[in-house]
Amino acid sequence: MAHSVMIIEDEEALALLLKYNLEKEGFEVIWEARGNKALAEVEKHCPSVVLLDWMLPEISGIDILRLIRSKPDIKNIPVIMLTAKGEEEDKIKGLSSGADDYVTKPFSIPELIARIKTNIRRTPDIMAKKELIFEDIRMDLVEKKVFRGNNYIHLGPTEFRLLRMLLEHPGKVFSRENLLRSVWGDNIYVESRTVDVHIRRLRKSLNEFGPDYIRTVRATGYSIDNSIPDDSVEE
Ligand code: CA
């Protein structure tokens, strides 16, 4: 599968030049010029790398970067900031906001391509994974589908994200607050009992085809686990 690069850049000439050169290198390229559409596009395409311009109309690159880092599904995607600002202060601001790399305009295309490749190699394994498996539960991260044995399990988007969190760290106990922040994000007000409602839905869908591996840890939260559920309560 080809690696994909998303270019978030409002200068058309530069974006097209990058697109041409990156496609020649075998990358799939997605270009987005509108800063206010960028986050949704990153979430939709889950690219291997994001090239992010600092100066965009409507919303700055640094704000987009912060939003990317606050979303669990996309927070591990490497982001290379592109900027006309070469000042040390901006570089520090970019890197401390979670940029993986920083390229000052004008830059050489071969150098940028080399940096893209380095950043793809550094990507955590979890991003390279195409599926998550726990016992007979299999989550296909490319198709965004869940199976139990041979049975397809239809999940809503919230249940899917909850299950993904649990499957990424089997045995780890997540607090309701932790799940809230990771699944719903910082900016949305949701009561912690909403987590219980969605866990109940997730259980109902999963347990149609097998035993309950979601463990309720009293006064703490939830985990996915196949050990004896001695402190588990049925909900
Ligand atoms: Ca710009």
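Which residue is the bridge partner of Asp53 in β4? In this predicted model, local features require pLDDT of at least 70 and side-chain atom pairs pLDDT 80 or more, whereas totals for chains, interfaces and linings use all residues. Residues are numbered from 1 along each chain as its sequence is written, and side-chain values use heavy atoms, with hydrogens and water left out.

The bridge partner of Asp53 in β4 is Leu82. The chain passes from β3 through helix α3 (residues 61–69) to β4 in a right-handed β-α-β crossover (clockwise from the first strand over the helix to the second, with the strands pointing away from the viewer). Helices (H or I, at least four residues) and strands (E, at least two) are DSSP runs numbered from the N terminus. Strand β3 (residues 49–53) is largely enclosed by the rest of the structure, because five of its five residues are buried (under 20% relative accessible area, 1.4 Å probe, protein chains only; exposed is over 50%, partly exposed in between). Val49, Leu51 and Asp53 point one way from β3, and Val50 and Leu52 the other way. Strand β3 runs parallel to β4 (residues 79–83), joined by four bridges, and also pairs in the parallel sense with β1 (residues 4–8) over four bridges; pairing requires at least two DSSP bridges. Ile7 stands opposite Leu51.

Asp53, with 2% relative accessibility, is also one of the protein donors of the calcium ion, together with Asp10 (OD) and Met55 (O), at 2.1 to 2.3 Å. Donors are N, O and S atoms within 2.8 Å of the metal (3.2 Å for Na, K and Ca); water is not among the atoms, so sites may look incomplete. The calcium donors follow the spacing D-x42-D-x1-M along the chain.
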